[in-house]
Amino acid sequence: MSRRSDQLKNFLEPIQPVSAAEPAPRTKPAVQSGALNSMNQAIANLATEAEEAERLRAQLEAGETIVELAPEAIHRSFVKDRLDHFTGPNFTELRESIRASGQIVPVLVRPHPDKAGEYQLAFGHRRLEALRQIGAKVKAIVRPLSDEDLIVAQGKENTDRLDLSFIEKALFALRLEEMGVRRQVIMDALTTTSKGVLSGMISLANSIPAELIEAIGPAPSIGRPRWETFARLLADGRSDEDWRHLINQEAFRARSSDARFETILKAFTPQRSTEAEELVVETEEGRRIATAQFAKRAVKVTIQTKDAPNFAEFLLRKLPDIYAAYVSEGTTGTVETEKQE
């Protein structure tokens, strides 16, 4: 083929793309100052952080995620329920289990109503304290709870997990009552359907000084009947100094909560006399004809039949007449008065 034909053929062939080995020419970018670059980056970062914060806020409000919070950012519930002060073998076991295996169950919190960026605990007080002592972050679910929602969640969690003792429930109910919480909300929190039971618990807790209840602690083995007995003994006019002296003793504080209750109860229970007071009745010649033993509610008269076998029968026959004479004379003297004479 002629040279001219070859040139025509090349002219008619389609144009091929530039080879990858041959880089395309680039235009020179406009030069920006360092200050402008920094400003653009800062604006981009702020936009990203705002988007992340908004997304996290939406997740938290919906309760859709578990987040990790610093223990110091979580405040306790506005009403206290437990009396154990985070001591004893059960709490120690929980703390060491979390230290070894981590926190399995998250706590429930709400955004703090008065402190922006902080939280208020609904339930999980023991876990929070254990993590605080360990120095670890707290896994938490955040939900927007009203005061009543928080109270109900707090009460039900205690019932479902480590049940409150009787006195803890009673004191919890009293504190809520004093805050003006509706009775129905208190009943929901304590999972009780009886208004009478709730009224009795509040009345009993109100009859015992809160300081004394705090000193005794939860007393998990002590039920309602014994607390009612205790309240009656306190109402018998005993001075507060009697129990304050006991609770300030080191030996008292070293005992278990149940043992502290027993110590106070024993101190307030009147001691019965093991020996009845005895009066000997004798004749003018000094011969014993009867003895009388005086107890708190009765007098027991004993007549020795070997000395006067028919005297007991005679006395019993004459008792109605003696009593009638006693009444007709309007006698006001008591046996105790006659004994002292």
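Predicted model: local features only at pLDDT ≥ 70, side-chain atom pairs only at ≥ 80, totals over all residues.
Guide: Residues are numbered from 1 along each chain as its sequence is written, and side-chain values use heavy atoms, without hydrogens and water.

Visitor: Why are α6 and α8 called roughly perpendicular?

Guide: The axes of α6 (residues 166–178) and α8 (residues 195–207) cross at roughly 90 degrees and come within 8 Å. Angles under 35 degrees count as roughly parallel, over 145 as roughly antiparallel, 65 to 115 as roughly perpendicular, and the rest as oblique. Therefore α6 and α8 are roughly perpendicular.

Visitor: Which residues make the contact between α6 and α8?

Guide: Among them are Phe 166, Leu 171 and Leu 174 of α6, and Leu 198, Met 201 and Ile 202 of α8. Contact means heavy atoms within 4.5 Å. The contact residues divide into 11 nonpolar, one polar and two charged.

Visitor: What makes Gly 117 exposed?

Guide: Its relative accessible area is 64%. Exposed means over 50%, buried under 20%, and partly exposed in between, with a 1.4 Å probe and protein chains only. Therefore Gly 117 counts as exposed. Gly 117 lies in the loop between β3 (107–111) and β4 (119–123).

Visitor: Why is α4 described as largely enclosed?

Guide: Seven of the 10 residues of α4 (residues 125–134) are buried, so the rest of the structure largely encloses this helix. The buried residues include Arg 126, Leu 128 and Glu 129. Just after α4, Gly 135 takes a positive phi of about 90 degrees.

Visitor: How do you know that β7 and β8 pair?

Guide: Two strands pair if DSSP finds at least two bridges between them. Four bridges join β7 (residues 288–294) to β8, and the two run antiparallel.

Visitor: What is meant by a nonpolar core?

Guide: It is a set of buried Ala, Val, Leu, Ile, Met, Phe, Trp, Tyr and Cys residues joined through side-chain atoms within 4.5 Å. The largest has 42 residues, and Ile 208, Trp 227 and Phe 230 are among those touching the most other members. Helix α6 gives the most to this core, with eight residues. A second, separate core of 15 residues includes Phe 91 and Tyr 119.

Conventions
Axes fitted to C-alpha atoms, helices over the stretch in contact; angles between N-to-C directions. Nonpolar A, V, L, I, M, F, W, Y, C, P; charged D, E, K, R; others polar.
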